[in-house]
Amino acid sequence: VSTQSTGEKLGYGNYTRWVTFVMGLVSFADNAEIAVTAIIIKALVCEWQLTNLQKALIPALILVGEAIGSFCAGKLADIYGRRVVMLYCYYGICIFSVVSIFSESYYLYLISRTIVGVFVGACFPIAACYLHEMSPAPKRAQSLTLFEIIAELGSVYVCACAIFVMNLDHGWRIELTCILVVAIITLFFLHFIDETPRYYAITDDKDSAKEILEKIAHVNLVNMPDRELETSTEIRGRYVDFIKQPHTRMSIIFSIIFFCLMYTLNGIYYSIADLMSYGYCNLYAFFTSTYRDENGCLLYTEGQYLFYLVIHLTALPGIILGGVSAEFFGRVPSVIWSNWAILFFTACLIV
């Protein structure tokens with residue numbers, strides 16, 4: 001019997017809930033690390049008197065680092081294991097977050113946050129893969145939807161902290177410290193998860209795979225199937241396989257979809273508060289106003305941080321609707337409908 005089919009028979013129980021909780025922490029902390037950039041950017045401009053180019057480089061290089069980490073994540077996870085790579089990534093996140101908190105120069109901050117972006121970019125897809133491999137097929141969509149919801153709550157946490165700390169002395173350093181605390185808690189819990197049985201199966205370590213499956217059966221209070229595990233015949237792919245037939249068409253389509261999606265979402269997120277401050281509707285005055293400190297620096301008010309928080313909260317119903325839609329109507333129709341919705345409401349925002 002295969003490792004995958006055995007895992008399916010063990011069902012969804014306390015072990016899977018524990019895994020979902022820990023991977024939820026990973027998604028929470030990862031999203032917080034990325035979202036914090038938009039929150040503290042004005043404070044950094046004031047701290048080091050940055051030019052527009054220097055200001056733009058901060059989110060740009062963090063996202064470039066995230067892309068590099070994501071590119072390397074799959075290969076590293078297949079070689080060294082999902083758990084090990086996530087652990088090392090979080091050690092790196094914690095170390096370089098401390099460096100960025102105590103940075104006294106723009107370039108040290110830029111380098112340290114770019115490295116944090118690399119580790120976050122590597123960790124997030126591995127966490128999603130880990131949860132996918134540890135969740136039985138009937139509950140997989142629900143698990144991944146919950147994963148995304150908790151990730152968005154990480155951004156909400158960043159905005160909530162900003163309301164209370166950003167306008168204090170050294171507020172951006174305190175804000176980064178709040179994010180670091182979450183990363184340290186996540187690192188602590190990562191020590192208590194197991195490697196996935198599927199990783200052990202593809203590395204032909206059937207004894208370790210069986211040991212993890214027996215642990216899952218014990219925690220889930222079900223009987224372990226009394227059959228010998230098969231040797232995995234799965235062949236791990238290469239990146240070049242994505243541009244070879246029969247995957248070429250699908251790779252091109254999804255690359256375009258995700259490029260446009262992330263371009264739109266990140267563009268809106270990093271610019272929405274500034275754009276709204278130039279709007280003509282006084283209804284948004286409280287949420288989009290800025291003020292100048294004693295040094296003449298233009299900073300956000302608590303209302304603007306609250307505005308960012310509301311933006312992230314509005315994403316939660318969309319995530320839930322997307323998960324339900326994928327479950328009942330299929331993955332492809334859900335992707336099509338959601339992209340039409342994004343196009344429509346982005347057009348409304350422009351108008």
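E33 and R113 are both buried, where buried means under 20% relative accessible area, exposed means over 50%, and partly exposed is in between, with a 1.4 Å probe and protein chains only. Their side chains meet in a salt bridge, 2.8 Å from N to O. By salt bridge I mean a side-chain nitrogen of Lys or Arg within 4 Å of a carboxyl oxygen of Asp or Glu. E33 sits in helix 2, residues 14-48, and R113 in helix 5, residues 106-134, so this pair ties together parts 80 residues apart in sequence. Helices here are DSSP runs of H or I with at least four residues, strands are runs of E with at least two, and both are numbered from the N terminus.

Ground rules, quickly. This is a predicted model, so local features need pLDDT of at least 70, side-chain atom pairs count only at pLDDT 80 or more, and totals for chains, interfaces and linings use all residues. Residues are numbered from 1 along each chain as its sequence is written, and side-chain values use heavy atoms, with hydrogens and water left out.

Which residues does S100 touch? R113 is one of them, along with Y109, S112, W172 and L176, not counting residues up to four places away in sequence. A contact is heavy atoms within 4.5 Å. S100 lies in helix 4, residues 82-101. Its relative accessible area is 0%, so S100 is buried.

Back to the charges. How many salt bridges does a search of the whole structure find? Six. Take R173 and E104: their side chains meet at 3.9 Å, N to O. R173 is in helix 7, residues 171-190, while E104 is in the loop between helix 4 and helix 5, so the pair ties together parts 69 residues apart in sequence. Buried or exposed, for R173? R173 counts as buried, because its relative accessibility is 11%. E104 counts as exposed, at 63% relative accessibility. There is also a network: salt bridges link E47, E104 and R173.

Next pair. K215 forms a salt bridge with D194, and the closest N and O atoms are 3.0 Å apart. K215 lies in helix 9, residues 206-220, and D194 in the loop between helix 7 and helix 8, so parts 21 residues apart in sequence are tied together. K215 is partly exposed, with a relative accessible area of 38%. D194 counts as buried at 15%.

Now helix 8, residues 197-202, where we find P197. P197 counts as buried, at 5% relative accessibility. P197 and A209 are 12 residues apart in sequence, and their C-alpha atoms are 4.4 Å apart in space.

Last topic, the surface. I320, V324, F328, F329, V332, I336, W337, W340 and L343 form a nonpolar patch there, with about 1,000 Å² of accessible area together. Patch residues have over 30% relative accessible area and no salt bridge; nonpolar side chains (Val, Leu, Ile, Met, Phe, Trp, Tyr) are joined within 5 Å, like charges within 9 Å. Areas come from the Shrake-Rupley method with a 1.4 Å probe, and for residues only the protein chains shown count as cover. Which elements give two or more residues to the patch? Helix 12, residues 302-329, and helix 13, residues 331-350. Helix 13 has the largest share, with five residues. F328 is in helix 12. F328 counts as exposed, because its relative accessibility is 64%.
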